[in-house]
Amino acid sequence: MATAGKINTPDAEARCNKRTQSENMSEQTQEINPRPSSNAADDGEPEAVTNLQELLGAAGAVAQFKEASPEKVADLSQIIFYPSSKPVVAEEKLGSGGRVRFLEEEGIYVPTLPSVRWNMRSKMERRLVTDAIRKKKWFQEDGELKSCEEELLENPVRPNLDEENSNIATIFRDCSNDVERFIPSSETMILLELQLNSLHFTQHPLFTAEHTLAQRLTETFYCYQKKLAARSFERMSKRLTALRHAHELLKNKSGEGVEEKLQRYELEIKDLRTTTLLQGAAERSVLAAVLAVWEELKDLRERQGFVGCPTKLTVSQEVVSEGRRKKEERLWKDAVKQVVKEMRREQKPQEEEEKENSDWVQLAGKLLKESLKPPGEPEMIIDLSQDLETSIDSKSLKAQNRLQNHLHRQKVCLKILYNGSEVCQSMPYVLDSQTFSADMSIMLPLSAVHWPQNFSLQILQHSTIKKALIAEVSLPLPEKGCTREEVPVQKVFFGNETHSGYVLCKTGWGKDADGNLRQPSGRYWETAVSCVAKKVPKTPEELQMWIDRSRIDPNNPANSEIISKAKNHALGDLNSDPLASDLDFCTEGEFKEGDARLKILELREKGHPAFCNMKMVPINARELPEGLLKEFRDRHWQQSSQVNFIEEEADDSLANHRTWALNSIREIKEKIQRQGRLSSRKKTMRELVTEDLVPDIGTLGLTLMAWFQPSRPLRPMRKPRPQVAIQGSTAHSSTLIVNVVSALQVPTRKDLDLEPSNANSFFEGSPTNAAAFNTVAVRPFVEVSFKGASARTRAAEGANPTWNCELQIPIQEEVFDHDVINIRLFDEIVVDVLNDERLRDIDVHTRHEKAWLGAINIPFSAVQRTAKIDGTFPLNAQQLLLGYEQEEQSRQFGPLLGPLESPRGSANCTFLNFFITLQPPMVLAEPETTERLECMESSSVERHLEDWSSQVTALFPDRKVPALVATANGKTACLTRFFRPIKPPEVKDTHSRTLAEVTSRFVSLIPRTQSNVCLTAEEIMKLCYGDQMSNAILLTCFLQTFDLDAWLLIGWGVTRGASYFALTRDKQSPNEMAIWDVFTGLKSKLDDPFCPATLVWAVANKDNIWANVQKESAPRRMRFDFSRLSDWSPAFVPAGAVAAPGSETVLQPESIQFTKTPSESCKELVSRLESILKENFMTWRTNLRTRWNRHCCSVLRKVLSTLENQINCKKEAMRELQPLIAAHKVMN
Amino acid sequence: MSKDVSPNNFGRSSAEGASSRQFFVVSISGSVEAAEFPEHDELYCRYFVEFGSDWQIISGVAEGMSQISKKSKCHIDDRQLCVWNLPVELTLKSTNITGWPKIVVSVYGNDSFGNDVVRGYAWSFVPLESTATTLSMPAFVPASSSKLQEMTAWFTGRRPEFLNPAIVVHGESREREQILFIFCPPMF
């Protein structure tokens, strides 16, 4: 270490710094790293020192220099090297023989070098150049210093991690799994090869007649060929001969059982002979068919004058030689003889009568002729070929070209799908116009990771704009170990309604470069089997059957699951899951036993009409209302026992008849509902999702136009927004708002007690007398009730009160269509019942009575549909309001109401002005679904009517025109079929009314139910029930017998909703038109402001249906000239393509048998009604018993019968009632 | 989307004996806690509970709407949740388990033009366990029926919506499911 220490004196070090870099470096190394080993091993030390001295030869020189005298300083320049900063010439760097190359110019990549100052660089180069031996290592060919290229990234790649923070968890992730999944090895890859040879169409919309025939010819020919190839006739006849031979042999024998055997043989011969003959006949008929089609085709070609497709049948006849002919004749005769013999044998036991021999021969000959070739007939050899020359004349070329053009427009392309995803799509092919086929010759190798599950081919029609899918067929997957070469070409058939055909193709597993078959591994074939097993039926019986049928191998382990399942099925459920059993709330047994609660739940789930709206089915069966299910079962049984309810005769009793009729109608309704339900279940996208429509050219044009229109900021237009259905679960909360404005002509009180006893003088006297007695004529108020909730206005005073009162009724429950808003007008009577006059100062004791004055019912559906009802409506009141009298309207409102002549107008009638709306508006829960029922009309009529009504609906979406209506037998029929003049029942006493009015009254008395079924007159009479539409039709039919033109008017009444009326026109005076209301039987003029029909949608009679296409739909503002096409759109145009169903198809009967109701049942009804009245009357007041006055009752009964007569009833009734009024205080 | 439901009792009111029990009571209490919609921010949600015809609410409300919530920011919470913590408290009585209550949540938010659009519908059965359960429900929206419509919807801000969100819990008409583009934010 001494040497080292000597070197490392500060002076030496300072001088050393002037040496080359490398030497300096090694020196530094020496200084920093004194080898520790040298301390430990003393033996190695001298060696180490010598080594160092050698290494640092230069250092030794320096040491000498240190010791040298100052005189030798002049030689310093020889020893000390000062590198200058002048750049070194490139040649010098490379040494002798080195040529400078310019790498960058030669196109070799030269990295950017780290920037070093030029003087530093040249100094370094100077130093290096001095070492002649080593300098080659230091310099590149272009004379630059060899150096590292510059770092590309300025920032460090790794994040600056805190060394101290070693808490970051590291997870070992094995990469092997992922590799296996994503980079499949070549062994797991599958290579599936598909070869598509050609595509042939056997049916195409562009087929000409010739093509169709040619196709038929091909089909029948192949059928014939198949029959020939099967040779079944030949085999059968051989068997027959053998059997006959055996029979002959047996005949000669004798012994026990021979007889039996013979009989059996005979039977067999008979059977076989008939089948053989049938087979032969079939073969011959197919041949005949082939020839017939060929004849037809030839005929067609001749007619059109050219040949369009190359299909050709070559028929060659082999003329039979004389010798063969004789042989054949002999054979024929033998055969006939044989057959005759057998037939006779078979015939004998049954029929005794002997036929002539010639008859038998004739019969047998006829039989044989059908199935055997008769002797002498030439042998037919037919062959089908596709090599007929198609003609090339101008006519055929024209047709060909046309077809070619069409085919060019409808190219065909194929798409290949592997496991549902598209693999490849072929280029579009043009079909050959002669054969309708396309040669493809596609070879498609397909390598896949996943095993094939489905491999299919889509055939697409490729027109210029779009591609339409013709058919999708699944391609056959190759068997295990099959290559494409081994597999025969397969025909894969496809087809839809318009196209059909086949593809010639084959598939096989491919081989890789090493020649290994690349098919799926063994597990695929197992799963292929289990795929089959998945289709196994669920129930054990079916499973067993399936196993028997498919004969699966019980020893195959792949099938063991199925077998064990089948074995264990007796033990328990087939697909039982131990976890799922927790969720079984009842056992199968409970279901079968007929637990009432479960039954109801099941029926409700099925949507049975009786239960589908049932809520809160009790938790225990015993809490169910008794007889609920029993009733259902009874009805069910009835229904199954009765095929047609209407045909069934009803019971005698009137009450029973009523219930029976109601049931029948309900059945019909349910039947139609059931038929319609399926269609209503499916919802369209529009019903599920709100979405803006794509702007088309029209709307875009309008939007563009809108920019150029002058802006009118003062006239804002409301953008119509679709009604938003109420969302969420509490959707039913809405408020019914009724604003009662005023009333007109309210009857005023008339105290009858104060009247003079003479009735005549009462009527002759001034009516104002009554008012004179009372200080207040009447204190009317209005009460509105809906579904149990009600609200009332305050009482106003006078005969023409004004309330302007807003009533609000919240709706909480679910609302049905048949719910009705009931508006009633009452008179509030305040009776002072204070007994003690002295207390009058401090006590008020009055009784408030309310006296009914009139009412009106408005169906809720009408409010819901129109959002508001506004106007003045007449109230229904009873004819005789005791204690009240109407002031004469002419005196008060003569000028206002005008001369009203309709019975209702002139009669004293109260009018109420109100406004009804819903807040917030409710959307109808479900729009009435159009039920698609079977139609009685021909399909063209049906389609025409549907088109027509959709056209009308498109013009006026509000107007619904039913062109097809449901009949009682569950089919739909054209509305016009229901009209025919029917003679109305004869009425003896018309009570000074016209016959038409009486008839209308008669119809209005027929009870109505709610149904959408149109019943014929006969059915109505039988059921004694009708619905609105049927009744209106019946009335129209009746009215047609009078001197009137009658129509059915389909429209809308404010108080009715959508409803039906009868419209008549007097034949004598065509301007007199009237609308008849089916509900009340009243007639009103068209210009009557209180006409029940407020909107007219359509009119129908036996010839036609006219839809209203006028802007106005209020009857008083419409023109009723049905011949004007601009006003009325008829369903059937006189010269149109579709005519109305003729008069012979009318469903209505010519006349109806009216059966007289037996008087006993009438009496029964009367007494029942009376007892109901009595009972209610007695229990009227809760705390007091109300007496039933029998005398009153008899008087009232008498009065009631006179009330039917409308005109004079008042006087008569009053006269009758007078004594009663005198004796009692009578209210209403 | 997550919803915490606890506890879920097959309650039997103490006043009634076991034999005379006419109905059972299910009380749901929990909250619509948070949603993870990676692409959207500033969302609010609306929930309602759907149940069958044998069920009746005896207390609580069946629907509710939340405040608009902003996503949690990166530096505080990496999960980027829209937190609502909208409480759900409801007691139902019923006689039959058919129509077991289902909770439907629809999430709305503003799009880039400031239109209020629907971001997702989600639903789940109210859990059958009577312990605290956290549900995560994947959400989806109906897609436009064509590309063009998608574009117009994007411009106008009127994207396809269900007429009635309750449709997502009903089976009917789901055969048209191909119209529904199902997009699920990752569940957690």
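This is a predicted model: local features need pLDDT of at least 70, side-chain atom pairs count only at pLDDT 80 or more; totals for chains, interfaces and linings use all residues.
Trainee: Let's start with Arg273(A). Why is Arg273(A) called buried?

Mentor: Its relative accessible area is 6%, and buried means under 20%, so Arg273(A) gets that label. You'll find Arg273(A) in helix 15 of chain A.

Trainee: What is Arg273(A) in contact with, leaving aside its neighbours within four places in sequence?

Mentor: There are Leu240(A), Arg244(A), Val339(A), Glu342(A), Met343(A) and Glu346(A). A contact here means heavy atoms within 4.5 Å.

Trainee: Okay, and helix 15 itself. What makes helix 13 of chain A roughly antiparallel to helix 15 of chain A?

Mentor: Helix 13 covers residues 209-230 and helix 15 covers residues 258-304, and their axes cross at roughly 160°. Angles over 145 degrees count as roughly antiparallel, so that is the name for this pair.

Trainee: Why give a distance along with the angle?

Mentor: Because two packed helices are described by both the angle between their axes and the distance between the axes. For helix 13 and helix 15 of chain A, the axes come within 9 Å. The crossing of these two helices is left-handed.

Trainee: What kinds of residues make up the contact of helix 13 of chain A with helix 15 of chain A?

Mentor: By class, that contact has 16 nonpolar, three polar and six charged residues.

Trainee: Now for the strands. Is Glu849(A) buried, exposed or partly exposed?

Mentor: Glu849(A) has a relative accessible area of 23%. Buried needs a value under 20% and exposed needs one over 50%, so Glu849(A) falls in between and is partly exposed. Glu849(A) belongs to strand 18 of chain A, residues 846-859.

Trainee: How far apart are Glu849(A) and Phe826(A), in sequence and in space?

Mentor: In sequence, they are 23 residues apart; in space, they are 9.3 Å apart, C-alpha to C-alpha.

Trainee: And Ser785(A), how do you know what to call that one?

Mentor: With a relative accessible area of 15%, Ser785(A) is under the 20% cut-off, so Ser785(A) is buried. Ser785(A) sits in strand 14 of chain A, residues 780-786. Not counting residues up to four places away in sequence, Ser785(A) touches Ser790(A), Ile809(A), Val820(A), Ile821(A), Asn822(A) and Arg824(A).

Trainee: Which residues of helix 34 of chain A are buried?

Mentor: In that helix, residues 995-1004, you get Ala996(A), Val998(A), Thr999(A), Ser1000(A), Val1003(A) and Ser1004(A).

Trainee: What do the buried residues of helix 34 of chain A pack against?

Mentor: They pack against helix 36 (1028-1039), strand 26 (1044-1053) and strand 28 (1073-1077) of chain A.

Trainee: Let's zoom out. What does chain A come to overall?

Mentor: Chain A has 39 helices and 32 strands. Of its 1228 residues, 36% are buried. Its accessible surface is about 76900 Å², with 53% of that belonging to carbon and sulfur atoms.

Trainee: And what is the secondary structure of chain B?

Mentor: One helix and 11 strands. From the N terminus on, the order is β-β-β-β-β-β-β-β-β-β-α-β. Of the 188 residues in chain B, 49% are buried. The accessible surface of chain B comes to about 9000 Å², and carbon and sulfur atoms hold 56% of it.

Conventions:
Residues are numbered from 1 along each chain as its sequence is written. Chains are lettered from A and ligands numbered from 1 in the order in which they are written. Side-chain values use heavy atoms; hydrogens and water are left out. Helices (H or I, at least four residues) and strands (E, at least two) are DSSP runs, numbered from the N terminus. Buried means under 20% relative accessible area, exposed over 50%, partly exposed in between (1.4 Å probe, protein chains only). Accessible areas come from the Shrake-Rupley method with a 1.4 Å probe; for residues, only the protein chains shown count as cover. Axes are lines fitted to C-alpha atoms, for helices over the stretch in contact, and angles run from 0 to 180 degrees between N-to-C directions. Angles under 35 degrees count as roughly parallel, over 145 as roughly antiparallel, 65 to 115 as roughly perpendicular and the rest as oblique. A crossing is left-handed if the near helix is turned anticlockwise from the far one by less than a right angle, and right-handed if clockwise. Ala, Val, Leu, Ile, Met, Phe, Trp, Tyr, Cys and Pro count as nonpolar, Asp, Glu, Lys and Arg as charged, and the others, Gly among them, as polar.
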